Amino acid sequence: MSIMEQYGMRSNRGWSLTCLLAFSCLWGCSGGTESGPSTTSGGTEEKLTICLLPKIKGIAYFSSCAEGAREAADELGNVELIYDGPTDGDPKKQAEMIEQWTVEGVDVICVAPNAPDVVAGAMRDAQDAGIKVLTWDAEGVEGTRSFFVNQATSQAIGEGMVQAMVKDLGGPDVEGDVVIISSDATSANQNAWIDVMKPALEKTKLNLVTIKYPGENASNALADAQDVIKKYPNLKGIFGISSVSFPGAAEAVEQMGKSGEILVTGLSTPNEMKRFVRNGTVKSVVLWNTIDLGYLTVLAAESLAQGKLKPGDTAIQAGRLGEKPIAGDNILLGDILVFTADNIDQYDF
Amino acid sequence: MNISDGKRRFPWWHEAVLGVLLIALLITAGIVNPGFLNLRGQLLLSRHLWEFALLALPMTLIILTGGIDLSVGSAMGMCAVAFGMCYSSTGSVALSCLVCLLVGVAGGGVNGWLISRMNVHPLIVTLATYAAFRGLGEGLSQGESYSQFGEDFSEVARGMWGGVPIPAYLFGLLALGCALFLSRTPGGRYVYAIGHNEQAVRFSGVNVGRVKLLLYASSGLMAGLTTIIYVSRFDTAKADAGTGFELDVITAVVVGGTSIYGGRGNIGGTVLGLLLIHETRQFVSRQWQVDELKSIVVGLLLIGSLLLYRGMQVRNRE
C-alpha cells in the first residue's frame, strides 16, 4: 500500500491532516508578513511607540481625533502610532488592551477612559512598568497618569456657548429669556459649565429663567424643551448642554414651528446637528477641534517620552498649534470650535 | 490496517493534536516576535484567561453529560450586582464574596432543578435563565456600577505569588480536582455514562437528576467564584459582568475536544483548548494590533477543530 493510498484515499485521516496543514499555513502566513510595531520593544529601531486608546473605536468623533494623531505621528517621524480601542466601548477591553501594551513594552499609552475605575488598575501597572501614561478626552482616576490633555476648559465652553447665543440673537443689546437644559443634576461637566454660564449671562441682557435636568434621556429632553417653550412666551434661546438635550431641544423647537424665533445652541458633534443648522433652528454648535485634540495628544506623548515635557512645566511646544499652556497637570487645547452654516459641512464626524 | 489499529489504541489523539498546534503556535510566535515568549509577560497577560478557564471546568462536565449551560455569563452579572449591593450596604468584602457565591449557587440550582426535575432541555432552561439572570442584575442595580472595593481586594486578581497570578493557583487546584473526579470516582463515570446513554444510566439505578442538579449548581458556584475574581480585576461590579463569557467558554471546551453531544472529552483537552485560544488571541492582537481580528481567528479555530474532530470521529467508527 502506497503512502498516497494510505493518506489520500482515507478521507478521515485526510481531514485531520488537511486541518493541521491549514492551521500551520495560517500561522505560517503570519510569520511571513511584516511584523507588528511591537518589534520596536526588541530595540532594533529607535522609534517611539505611542498607543492612542479611544473610548470607542469607529465612531466619527474618535476617528477624527485619530486623524489628527496620525498627522502628528507623520510630522514627528520618529513615532510608531497604534490607534486601537474597543468597538463596543467596553472599558474592560480598554483595561486589557492597556495590559497587553504594558507587556509589549510600548513607550507611551494615551487613554480616554470610558470608566476611570475600571482602567485604573491597568494604568497603574503600566506606570509601574515604566511606561508613560496620559489621559485625553476624559480624565482618569487620580495618580494613574502624568498629564491630562484637556480638550477645553469649562471656562472656554461655558463662555463660548453664551457668546454664541448672544451673537446669534443679534448682539449684546438683545433682551429676552433663556433656559438651560442640562443632563443629570449630578453631571460634573455640565454643572461646571453652568457655573461659568450663570455669571456670563448676568453680564448680558438675557435672563436665565430656569435650568432643566432631563438626564441622558432623549424623550425627557424633548418634553422638557416643549414645557419651557409653552411656559415662557418671551423665550429667545435654549442652551442644550448635553449630547442628548441639544438635539432634543432643537427637535422640540422644530416640531412646534418656532424655528428662527427660538434659537438653540449647545454642545454636540457637527454631523448630529447638521440638519438643524441647515433649517435655521440652530445657528452655532459649540465643540472643540477634535483633530487638534488627537494631534496635541500625540505631540504631548512624544515630548513626555523624550523628556521634553516634565511635571511642573507651564507650556508645551505643539507644532502647528504653537505653544499650548499647561495648568497644573492639564495640557490645555483651550480653544473651542464653533460650527455654523458657513463651516459645518467641512467637518464630517 | 495495522496502522489504524495502532491509532485506535492511542487514546490521547485530541490532546496530541492540540499540543502540537500549541507548540507550533508558540514556536512561530517566538520566531516572529521573540518578546512573545517572555515568561513574565505571558504570566501577566494570563490574567485575561483565568476567569474563562475556571468557568470551563464545570462547563466541561456539563457538556460531557450532553447538556450545556448558556447562563454562566449572565449569572456573573447577577453575582456582580449582588456583590456590589452587599458591599455598598455593609462595606464588608468577605460578606460580599459570600453573598456572591450564594447567589451563584442559587442561580445554578434553579437551572439544575428545572433541568432535572422538570425535565426541560438544558439549552432551553439556560437560554431562559441567560436572559433572566442578566435582567435581574440590571433591574436590581438599575444599571448602576459599584466600585472602589479597596487595594487589598484588587490583589485577589491582580496579585502575584512567586510571579504567578493568584487565580492561576486556584485554577490549577480545581482543574486537578475535576480531572481526578472524572477519572477516579463513580461520579465521574456517571458523568460520561449520562452523556453516552442517559436512559441506561437511569435504569441501572443511578440518580441522574441529582448528578445533574449538582453539576449545574456547581456551575453556578463557579460563576460566583469567577465573579469575585472579575470584580477584583476591574475594581467594578456591574450588571454587564461576564457578558458573552458563555460562548467563549463553550468554544474552549469544544476546541478542547469535548463532544458537544456528550460522553467524550476530558479536562486535559479543555486546558489545552483554553491555552490554544488564549495564545492565539494574544499572538493575533500583538501581531496586527487590531482587536476585532481576535474574534475572527478564534472562530476559524473552532471551525477547524470541529472539522478535525469530525474527521477523527468518522475514523474511529470504522
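In strand 10 of chain A, which residue is the bridge partner of V264(A)?

A: The partner of V264(A) in strand 10 of chain A is V282(A). Before going on, please note that this is a predicted model, in which local features need pLDDT of at least 70 and side-chain atom pairs count only at pLDDT 80 or more, while totals for chains, interfaces and linings use all residues. Residues are numbered from 1 along each chain as its sequence is written, and chains are lettered from A and ligands numbered from 1 in the order in which they are written.

Now to the surroundings of that pair. Strand 9 (residues 263–267) and strand 10 (residues 282–288) of chain A run parallel and are joined by three bridges. (Strands are DSSP runs of E with at least two residues, helices are runs of H or I with at least four, and both are numbered from the N terminus; two strands pair if DSSP finds at least two bridges between them.) Both strands belong to an open sheet of six strands in chain A, with the order 7-6-8-9-10-14 and mixed pairing. At its edges are strand 7 (206–212) and strand 14 (336–339) of chain A, each pairing on one side only. From one strand to the next, the twist averages 20 degrees.

Helix 6 (residues 154–169) of chain A packs on this sheet, where it touches strand 6 (176–181), strand 8 (235–240), strand 9, strand 10 and strand 14 of chain A. The direction of helix 6 makes about 160 degrees with that of strand 9 of chain A. (Axes are lines fitted to C-alpha atoms, for helices over the stretch in contact, with angles from 0 to 180 degrees between N-to-C directions; contact asks for C-beta atoms, placed from the backbone, within 7 Å.)

Let us step back to the whole chain. Chain A is divided into domain 1 (39–145 + 290–332) and domain 2 (154–287 + 340–346), with bounds from an automatic or database domain assignment. Taken over C-alpha atoms, the centres of these two domains of chain A are separated by 33 Å. Overall, chain A has eleven helices and 14 strands.

Chain A holds another open sheet, with eight strands in the order 2-1-3-4-5-13-12-11 and mixed pairing. Strand 2 (79–83) and strand 11 (315–317) of chain A each have a single partner strand at the edges, so one side of each is left without a neighbour in the sheet. Ignoring direction, neighbouring strands here are turned by 25 degrees against each other on average. Inside this sheet, strand 3 (residues 108–111) and strand 4 of chain A pair in the parallel sense over four bridges, and V111(A) has T135(A) as its bridge partner in strand 4 of chain A. Helix 3 (residues 60–76) of chain A packs on the sheet and touches strand 1 (48–53) and strand 2 of chain A. The direction of helix 3 makes about 165 degrees with that of strand 2 of chain A.

Strand 5 (residues 147–150) of chain A has a partner strand on each of two sides. Three bridges join it in parallel to strand 4 (residues 132–136) of chain A, where L134(A) is partnered with F147(A). Another three bridges join strand 5 of chain A, again in parallel, to strand 13 (residues 330–332) of chain A, and F148(A) stands opposite N330(A) there. In a regular strand the side chains alternate between the two faces of the sheet. In strand 5 of chain A, F147(A) and V149(A) point one way and F148(A) and N150(A) the other, and all are buried. (Buried means 20 or more other C-beta atoms within 10 Å of the residue's own, exposed 12 or fewer, and partly exposed in between, with C-beta atoms placed from the backbone.)

Finally, the largest nonpolar core has 197 residues, and L52(A), I98(A), I109(A), C110(A), V298(A) and A300(A) touch the most other members. (Such a core is a set of buried Ala, Val, Leu, Ile, Met, Phe, Trp, Tyr and Cys residues joined through C-beta atoms within 7 Å.) Helix 12 (residues 208–234) of chain B gives the largest share of this core, 14 residues. Domain 1 and domain 2 of chain A both contribute residues as well, so the core lies between them. Leaving out residues up to four places away in sequence, L52(A) touches A66(A), A69(A), L81(A), I82(A), Y83(A), C110(A), T297(A) and V298(A).

Methods
Two residues are in contact if their C-beta atoms, placed from the backbone, lie within 7 Å.
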